Amino acid sequence: MEYSYMEPKVFTEKEAAYYLRVSRSYLAQDRMNGKLPGRTQGPRFIKFGKSIRYLREDLNNWLQQFRQA
């Protein structure tokens, strides 16, 4: 049986932080504080129980908003 590598569609907080090249504390503070004046709001996330997950699509969309012409 041959396996091919598939890009994950769902990330843990640690994986999302690595993917975005931001700190885990940035993601955690964003979730706890929500939208604050003068602070860039973090990406959307999913919470079920105590687990936090980020969808690849949401991470990519979040990055796109900072793209410069």
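This is a predicted model: local features need pLDDT of at least 70, side-chain atom pairs count only at pLDDT 80 or more; totals for chains, interfaces and linings use all residues.
Contact here means heavy atoms within 4.5 Å. R44 sits in the loop between α2 (24-33) and β2 (46-48). Its relative accessibility comes out at 64%, and since anything over 50% is called exposed, R44 counts as exposed.

Strands of a sheet pair through backbone hydrogen bonds, either parallel or antiparallel. In this model the sheet is open, has 3 strands in the order β1-β3-β2, and pairs in the antiparallel sense. The edges are taken by β1 (10-11) and β2, each with a single partner strand, so one side of each has no neighbour in the sheet. The pairing of β2 with β3 (residues 51-55) is antiparallel and runs over 3 bridges; K47, for one, has I52 in β3 as its bridge partner. Helix α3 (residues 56-64) packs on this sheet, where it touches β1 and β3, and its direction makes about 60° with that of β3.

One more loop residue deserves a look, namely R21, in the stretch between α1 (13-20) and α2. R21 is not a glycine, yet it has a positive phi of about 60°. With a relative accessibility of 60%, R21 counts as exposed.

How values were computed: Residues are numbered from 1 along each chain as its sequence is written. Side-chain values use heavy atoms; hydrogens and water are left out. Helices (H or I, at least four residues) and strands (E, at least two) are DSSP runs, numbered from the N terminus. Buried means under 20% relative accessible area, exposed over 50%, partly exposed in between (1.4 Å probe, protein chains only). Two strands pair if DSSP finds at least two bridges between them. Axes are lines fitted to C-alpha atoms, for helices over the stretch in contact, and angles run from 0 to 180 degrees between N-to-C directions.
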